[in-house]
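Reader: I have a structure to study for class. Could you go through it with me, one topic at a time?

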Amino acid sequence: MLPDLFSTCGPQEKRVFCALQKFGPVSKSQLLALTGLKLTTLSRFLRPLEELRLVVRPQFGESSGGRKPALYDVTDRDYYLLGVDISRTYMQIVLTDLKLRVRASRRFHMDGQSTPERTVRTIVETARELADQATTPGGRIVLAGVGAVGPMSRTDGVLLSPRYFQASGWKDVPLVSMLRQGLGCPVSLDNGANTAVLAEALYGIGRGVPRVVYVNCGVGIRTGTFLDGVLIRTSQNAEDVFGHMVVNADGRLCTCGKRGCLDCYATIRAVTSEFAECRARGEHSDLPADVTWESICAAARQGDALAASVLRHAATYLGIGLSNLINLLGPGLVILSGPLIRQSDLFYETAAGVAQKQVWAVQSGVKFHRGGSLEEDAIAVGGAALALEEAAEALPDSRVQAVQHSG
Ligand SMILES: [Zn+2]
């Protein structure tokens, strides 16, 4: 039986662990530079980590003459993390090692039957199955983290009232305590856009970039922001605030009660209703009025002028919203993700192109990436990353270090 993660570790051991977890394998001298510790102190803090089998010496590095230096790293055996992405139409569950490498994953539909109780049961059963199949003998899941649809109370571990879920019962759900009971390990919770940006900034395409913004465009618009080593959280931890940026003062009536929000123009709902309105006005297309967004994307690819025009219109609004966001935050990287971005080249290219053109000159160095490097695993991997950050108490200063030392 393995002891609990960090059960006997103090803040300095955790600091050494975090440095190795993000930059290992490294030699002792590199570790001294990363942690700023003295050699004797470092050895003292490494010992309990090695006794817990959290840190290993997996290999030897290049020698500059003389004996080859031992390289230290966190173990890729024994201890595993569970990451969960609870979205409106699917749930993704990943098992990762302590380096946040995905060892196994499962994907499920979220439909009218996916009540909170059933969803939690699926997570717990899947965790057992993945632990049996994908860990080393005796290995187990020591931490779990969830990226979910907000709004939520992170401190209470409760999902408050996520919108557009098909099943009933998703109101004031004590998700963290339900999962902790089923999984038997600590559970962290954040909104999915936050966990996605955390994963991409620390382990993905944003590694080494000081300011990263992640925008997921689908049923709603979900945004996560990682600025100078800090995850920026909005009030009530809602991830859809960017969706309510006004991009048209006299525009459409939004579900929030205001007019002209981005959410009314650049979401799946907006695309399908715009298409239906155009057809009702008599504009030509081979598609019927009540068509799915996937069919609109496919038709645009095959040359349907109305489908292309509706997507271009939606993406233009997204681009304008993005340019405002970029002007405000000054990110080096904007990751565009989600169903509309994935399915439609036209949608992605128009949104990124308009944003690039509209952005204020001082922010013109911004780069765009389609999908991020963790792609559809980003939210779930970020859940696991969040759980580890919280357990290791990797507070903003260590994240700043992570940014400074990488890339
Ligand atoms: Zn709104």
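Author: Proline 151 is found in the loop between E7 and strand E8 (152-153); strands (E, at least two residues) and helices (H or I, at least four residues) are DSSP runs, numbered from the N terminus. The peptide bond from glycine 150 to proline 151 is cis, with omega near 0°.

Reader: Before we continue, what kind of model is this?

Author: This is a predicted model, in which local features need pLDDT of at least 70 and side-chain atom pairs count only at pLDDT 80 or more, while totals for chains, interfaces and linings use all residues. Residues are numbered from 1 along each chain as its sequence is written, and side-chain values use heavy atoms, with hydrogens and water left out.

Reader: Where is proline 25 found?

Author: Proline 25 is in the loop between helix H1 (11-23) and strand E1 (26-27).

Reader: How many bridges join E4 to E7?

Author: Eight bridges join strand E4 (residues 79-86) to strand E7 (residues 140-148), and these two run parallel. Tyrosine 80 stands opposite isoleucine 141 in E7.

Reader: Next topic: glutamate 239. Is it buried or exposed?

Author: Glutamate 239 counts as buried because its relative accessibility is 2%. Buried means under 20% relative accessible area, exposed over 50%, and partly exposed in between (1.4 Å probe, protein chains only). Glutamate 239 lies in the loop between strand E13 (230-232) and helix H7 (268-280).

Reader: What does glutamate 239 touch?

Author: Not counting residues up to four places away in sequence, glutamate 239 touches several residues, among them Ala148, Gly150, Asn191 and Arg222.

Reader: And aspartate 78, buried or exposed?

Author: Aspartate 78 counts as buried, because its relative accessibility is 8%. Phi of aspartate 78 is near 70°, a positive value in a residue other than glycine.

Methods. Two strands pair if DSSP finds at least two bridges between them. Contact means heavy atoms within 4.5 Å.
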